[in-house]
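I opened my notebook beside this structure and wrote down what I looked up, one entry at a time. Come and read along.

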Amino acid sequence: MSVVGSDMRTRSAKTPGRGEGRGHSPKTAHAKCTFRDEEGITTVGMAVSLLLCLSLLFSGAQLYRVGSASAEVQEVADAAALAAESEVGEFMVVVRTCDAVLLSMTLLAGTVYGIGLVCACVPPAAPVSEQLISLGTKVAKARDAFADKASSGLNQLQKMLPFLAAASAAGVASACDRGAMEASYYAVAVLLPAEGEEIDAGLGSSLAELSDDVESEAQGIRDDAAAAEEAAKEADAAKREAFEHDCGAAPGYCQYERAGRFQWMPSAQNPAYSSVDAWSFSVALERAKAYYRLRGSCEPEPSGSVADAASYHLRTVFYAYASEELERDGFVRDEEGSFQANFPKLFRNVNEFRQTRLYDGLQFPVSADGVMHAYAGCPACSGAARWGTVAALEAGGFEGCVTCGFSLESIGNVASASTNVANGFEHHYEKIRQAAEAYQQARTKMDPLLEQAKGKVTPLLDRIGALLSEMGGRRISAEPPGAEGAICIVVNTASNAADTGFESMFVSGGSALGARAAVSAAALVEDAADDSSSVITSLLDGFGQDGGAAVGAARVVLDCWNGLLKAYENGQAALSDALGKGLSSVSTGTLSGLGGWAEGALKAVVDAAGLEPADLNALKPAVLNTGHVAGADDGAFAVRFRQVKANALSASEAAGAVSGLSSCIPEAVTQAVSDLEVTIAEIEFPVGGVVIPVKVGLPQSVADDAGGFVGQCIAAIGGVVGSVAGVREWR
């Protein structure tokens with residue numbers, strides 16, 4: 001026999017071996033050389049080593065395959081639990097979609113009512129006001145109809161959730177068949193809680209009450225606004241006339257132009273205004289006060305005839321009287337909601353002079369011959385013996401001076417010419433005085449009407465603001481089946497030889513890998529992704545785009561709705577933008593100022609609403625400890641599951657530990673559905689005949705199953721789990 005040494009040499013059997021030279025027997029040397037000698041490994045040794053390595057390799061591979069096949073059931077259970085809870089997550093997307101539509105329609109009704117009230121304060125827009133308020137009522141009714149249908153549809157859908165979750169879990173588990181060692185998976189998922197709370201979207205009682213009050217008050221507001229606008233037109237005409245006579249007609253004749261002829265009139269006291277909106281009656285009064293105050297003292301004395309001197313002295317009497325009257329009795333009080341002014345009337349003829357205090361109080365010099373003179377310096381007045389009144393002169397107690405021409409007419413008509421012709425300051429002052437009276441009369445009619453209209457509008461706007469403020473957060477509160485999570489039981493019923501698909505001569509194939517079981521749980525958790533809002537807003541894209549040819553009130557409503565669909569995501573910013581877009585289509589300018597006031601008041605209450613965006617974090621299923629999910633519910637299945645888990649953890653063997661769970665599975669799990677599409681509600685928008693359905697599509701496998709496969713899964717779990725043996729870690 002030859003052996004292979006380290007130097008690959010061969011030796012003759014006759015050559016003495018080293019063992020022989022050292023006293024070893026040939027038998028001992030031969031035994032040691034069967035597998036190896038000091039020069040290498042024998043062929044027998046090599047063969048045995050290879051066989052041992054192959055045995056270990058195939059044994060390890062078989063152990064890995066068995067272990068992987070046994071552990072795969074847990075992975076399938078995790079996937080099935082996630083699939084079951086995904087159905088709950090999709091249901092919450094539908095809830096949020098309905099909630100977003102409901103929010104937009106509630107906000108739209110309030111906003112349209114607000115714009116309708118603003119238009120009611122603008123007489124030219126009265127027809128638009130009627131249309132907007134009518135559309136607002138239709139939107140409110142459509143909102144209530146949608147809320148009613150959405151409540152019914154969502155309740156119907158959530159009753160289907162247990163079966164949808166079970167079917168989804170069973171489908172995922174079945175898709176894993178034919179995997180490791182010819183697996184055959186059955187899964188049953190149970191949602192906790194098993195039943196959801198009744199969903200009530202609400203019928204908007206506060207909105208209905210607001211609708212009734214807006215409709216009942218709108219016509220009265222329109223009537224008050226129309227009457228106030230007529231009075232405002234009268235007031236505006238009077239103010240414009242006064243403005244023209246004060247400074248608006250410059251460089252033509254007016255108070256400003258007349259006063260500006262004198263160098264002694266300071267420019268600061270003789271201002272010019274280019275717009276009637278910036279001008280006020282107080283400007284004209286203050287200009288007249290300054291003019292008469294300076295005119296008497298700055299008038300140069302004539303050096304000509306006696307008649308000129310007499311005329312000069314009589315004019316100074318008039319200027320002094322005018323200045324005193326204006327300083328003492330002249331005023332302008334122009335405040336919000338009231339106007340009062342007094343431009344003292346200056347006499348321009350004898351009859352008007354008799355009505356003044358000068359007639360009985362003003363005294364002129366009377367010479368010894370009983371003649372009354374215009375001034376003491378009259379040549380015919382050689383020293384005044386006494387003083388007398390004009391009233392006494394007219395009564396015949398005195399005679400007028402022929403030299404200076406003094407008479408009742410000379411003093412009474414001193415301002416006649418400058419009052420009756422356009423180049424006289426007094427002419428324009430009198431026009432302004434008359435306009436001020438007309439303006440005050442118009443304001444006396446207008447201001448109460450404005451206050452009356454505002455008193456009707458303000459409470460309604462406040463209620464609109466309160467309605468918008470109450471819309472923060474979500475309007476639909478849902479606690480569906482699976483709100484706490486889902487528990488999934490999965491069994492692999494396949495029982496195959498351990499070497500199935502991996503037969504070899506190195507590992508015995510007699511042992512069989514029996515049925516396996518695992519449980520898992522999943523629950524919805526929030527995922528704050530940057531684009532999470534698109535889950536809702538993408539479903540609403542285009543809702544407000546219909547009716548592109550709409551005009552007038554319909555266009556206002558559609559523009560508002562298109563903007564308010566974003567309020568679910570953007571909150572107050574979208575609400576304010578939608579209102580601005582709606583108001584941009586309406587002219588709110590009025591002479592009375594009521595339209596501008598109403599617009600500002602509406603913007604104020606809307607801006608104060610503080611509408612917060614809804615929580616748009618995406619709800620995604622995540623694998624959780626079954627104890628956490630089961631501990632959050634007190635239903636029969638959850639209680640039984642906690643008992644089974646406790647028993648399994650304490651028992652040395654888990655055989656049959658969960659076999660009793662199948663009897664606790666709720667009946668709703670087996671209530672199959674036949675329709676692939678469920679219509680939750682339809683948005684019947686009152687503009688343009690827009691009807692938008694909110695539908696949920698179901699997988700074809702759900703309808704095809706018709707409850708059969710889910711029932712098989714429950715039966716498989718009840719019949720197979722009892723045979724499962726061995727201690728395992730529950731998750």
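**Entry: before I start**
I note that this is a predicted model.

**Entry: the sheet**
I began with the strands. In what order do the strands of the open sheet of 4 stand? I read the order as β3-β10-β13-β14, and the pairing is antiparallel.

Next I looked at the edges. I found β3 (185–192) and β14 (618–624) there, each with a single partner strand, so one side of each has no neighbour in the sheet. On average, neighbouring strands are turned by 25 degrees against each other, direction ignored.

I then went through the pairings. β10 and β13 run antiparallel and are joined by 7 bridges. N492 has R516 in β13 as its bridge partner. Moving on, I saw that β13 (residues 516–527) pairs with β14 in the antiparallel sense, over 7 bridges. For this pairing I jotted down two places: D527 stands opposite A618 in β14, and A521 has L624 in β14 as its bridge partner.

**Entry: a helix on the sheet**
Which strands does helix α4 touch? I found that α4 (residues 126–174) packs on the sheet and touches β3 and β10 (485–492). The direction of α4 makes about 150 degrees with that of β3.

**Entry: α4 with α16**
I stayed with α4 and followed it to another helix. The axes of α4 and α16 come within 9 Å and cross at roughly 45 degrees. That angle makes α4 oblique to α16. I noted the crossing as right-handed.

For the contact, I listed V128, Q131, L132, L135 and V139 in α4, which meet A553, A554, V556 and V557 in α16. Sorted by class, the residues of this contact are 8 nonpolar, 1 polar and no charged.

**Entry: α16 with α18**
From α16 I went on to α18. How far apart are the axes of α16 and α18? They lie 8 Å apart, and the two helices, α16 (residues 552–564) and α18 (residues 572–583), pack at an angle of about 165 degrees. Angles over 145 degrees count as roughly antiparallel, and α16 and α18 are therefore roughly antiparallel to each other. Their crossing is right-handed.

On the α16 side I wrote down V556, D559, C560, G563 and L564, and on the α18 side A574, L575, A578, K581 and G582. This contact has 6 nonpolar, 2 polar and 2 charged residues.

**Entry: α14 with α19**
Are α14 and α19 roughly parallel or antiparallel? I looked up the angle before deciding. Helix α14 (residues 425–469) and helix α19 (residues 594–607) pack at about 20 degrees, with their axes 9 Å apart. Angles under 35 degrees count as roughly parallel, and the angle here makes α14 roughly parallel to α19. I recorded that α14 passes α19 in a right-handed crossing.

From α14 the contact takes in L450, A453, K454, V457, T458, L461, D462, G465 and L468. From α19 the residues are L594, W597, A598, A601, L602, V605 and V606. I sorted these by class and wrote 12 nonpolar, 2 polar and 2 charged.

**Entry: cis peptide bonds**
I turned to the backbone and noted two bonds. The peptide bond from L192 to P193 is cis, with omega near -5 degrees. I placed P193 in the loop between β3 and α5 (205–248). The peptide bond from A250 to P251 is cis too, with omega near 10 degrees. P251 lies in the loop between α5 and α6 (255–259).

**Entry: aromatic rings**
How many aromatic pairs does the count come to? I have 23 in my notes. I picked out Y321 and F347, a tilted pair with 5.6 Å from centre to centre and 50 degrees between the planes.

Where do these two residues sit? Y321 is in helix α8 (residues 306–329), and F347 is in the loop between β5 (338–342) and α9 (350–354). They are 26 residues apart, and the pair links distant parts of the chain.

Conventions. Residues numbered from 1 in each chain as written. Predicted model: local features only at pLDDT ≥ 70, side-chain atom pairs only at ≥ 80, totals over all residues. Heavy atoms only, no water. Axes fitted to C-alpha atoms, helices over the stretch in contact; angles between N-to-C directions. Parallel < 35°, antiparallel > 145°, perpendicular 65-115°, else oblique. Left-handed = near helix turned anticlockwise from the far one by under 90°. Contact = heavy atoms within 4.5 Å. Nonpolar A, V, L, I, M, F, W, Y, C, P; charged D, E, K, R; others polar. Pairing = 2+ DSSP bridges. Phe/Tyr/Trp six-rings, centres within 6.5 Å; stacked < 30°, edge-to-face > 60°.
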